[in-house]
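Please examine the sequence and the structure shown below. The paragraphs that follow lead through selected parts of the model.

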Amino acid sequence: MRLLAVVFAAFACFFASSSVVADDPYRYFTWTVTYGPISPLGSQQQGILINGQFPGPRLDCVTNDNIIVNVINKLDVPFLLTWNGIKQRKNSWQDGVLGTNCPIPPNSNYTYKFQTKDQIGTFTYFPSVGMQRAAGGYGALNVYQRPQIPVPYAKPDGDFTMLVGDWYKASHKALQRTLDSGSSLSFPDGLIINGAQSTFFNGDQGKTYHFRISNVGLTTSINFRIQGHMLKLVEVEGTHTLQNTYDSLDIHVGQSLSVLVTLDQAPRDYFIVFSTRFTQKVLTATGILHYSNSNSPVSGPIPAGPTYQVHWSVKQARTFRWNLTASAARPNPQGSYHYRTIPRARSIILANSAPLMNGKQRYAVDGVSFVVPDTPLKLADNFNIANVFAWDSLPIPPSGGTAVLGTPVVRFNLHDFIEIVFQNTENAIQTWHLDGYDFWVVGYGFGKWTEKIRKRYNLVDAVSRHTVQVYPNGWSAILVSLDNQGMWNLRSSMWARQYLGQQFYIRVWTPEKSYSNEYDLPPNALLCGKAIGHHP
């Protein structure tokens, strides 16, 4: 059990902190986290609720809003929320992962303060401690545009959110015990949509609706489709895309996207279908799209998913392109940032692996399986506490030697522009997420990446996002501008792999101390481990 202490500060000092901007609107929330009975797959089990809800409350806000969330932990274990895809500009103190924050102890609270700075789009939040996200505690976080900033489509007639993912009937504590014992998780028991096996949406014939879909599961990619309707892709994790149309879309673990759907068919009910991808056993969950003037129930077979597997998915992923002329959260077009012209400061190759260590299943990056210390890395760095982590101890490129345990932090300079190649030598798809940033996905491929492959990169209109898939026995390449100072988690989005070591941290830093680069430690920060006794 972590030893914890709280640094208290006066209320006025707390809200005078420079980690929020006074000229932008404030939105205040109080969220109480409890256990409660849920039945997502039909049988009752213990879930994690926020304000009695599963999934948790939908957090709707506008670009540059200041978000103040007081999280009260009524569980019997420490708890944290992370804000998946929110960049936390200059403010990794609010990222809500164990490398940046001490968890909230039982019967205590922590108030997050962050800004949705220069962002717009579809995001999520979820618990980041242990395997708690397998019990719920997650929700949608939708960032809408400011009135003066146009989006590249007409205002939809409605806005629907779907949180979809695989689900286990076992409790999060049982799943965690399985992993701690050295075993892998079994195949999930089912798929759920917004906390249930089915869902229902009502719309008017001839109107167009905005559907926001996020894969909040633990392990499996999913495919999304609506019977008889085309899906016009308009946004991927905060990026406006070229508006291609699809009959179905793959969404990998940790990813989000949004589509426009026009109700242009005969008035009746239609299946909404989600099914797992790249799995021998296919799990399916269905919902209903109901035309308001319909008198006919759904009919016909449930629409089948793609009959082709990995190569079909790769081809589809390559069609996701940046809309160069659309305004982003700021008035300037997305394409005004010419990422193709910026010289690379550094290139790194990250290879995932699944070693057995002392007879137990672990997961690793470049042969290092991450061990979470009692003291968050960000606090250790801030207070110059020794022997918590090891600078630059990740072998880059991977050495191919025996896997080891470690707590690596890789250092970069503020404003470095870097290339990261994710190399997957396993037979299963991977997904990777980088906190604090989005990045350009410039290529996908199979086999071993080589420098010659750079000639095939998309250096014109690659989509920008925060989570990228890496196909079996393949590679994915990204470019990222490290313009956000802080300590940031680079991890597998497949949560059992993250829990058992497939993650590490990067520190982006400059010796020039300035609020224009990074905010100070918040006065209400929780302190734990070796940080107890230190003061901001």
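Gln115 is buried, with a relative accessible area of 8%; buried means under 20%, exposed over 50% and partly exposed in between, with a 1.4 Å probe and protein chains only. The model is predicted, so that local features need pLDDT of at least 70 and side-chain atom pairs count only at pLDDT 80 or more, while totals for chains, interfaces and linings use all residues. Residues are numbered from 1 along each chain as its sequence is written, and side-chain values use heavy atoms, with hydrogens and water left out.

Gln115 belongs to strand E7 (residues 108–115); strands are DSSP runs (E, at least two residues) numbered from the N terminus. A polar atom of the Gln115 side chain lies 2.9 Å from the backbone oxygen of Asn64.

An open sheet of mixed pairing is formed by four strands in the order E4-E9-E8-E6; two strands pair if DSSP finds at least two bridges between them. Strands E4 (59–62) and E6 (81–84) are its edges, each pairing on one side only. E4 runs parallel to strand E9 (residues 139–144), and four bridges join them. Leu59 has Leu141 in E9 as its bridge partner.

The largest nonpolar core has 111 residues, and Trp83, Ile213 and Phe274 are among those with the most contacts inside it. Such a core is a set of buried Ala, Val, Leu, Ile, Met, Phe, Trp, Tyr and Cys residues joined through side-chain atoms within 4.5 Å. Strand E37 (residues 503–509) gives the most to this core, with four residues. A second, separate core of 22 residues includes Met131 and Trp167.

Notes
Polar contact = N/O pair within 3.5 Å; in protein donor to acceptor, adjacent residues only side chain to side chain.
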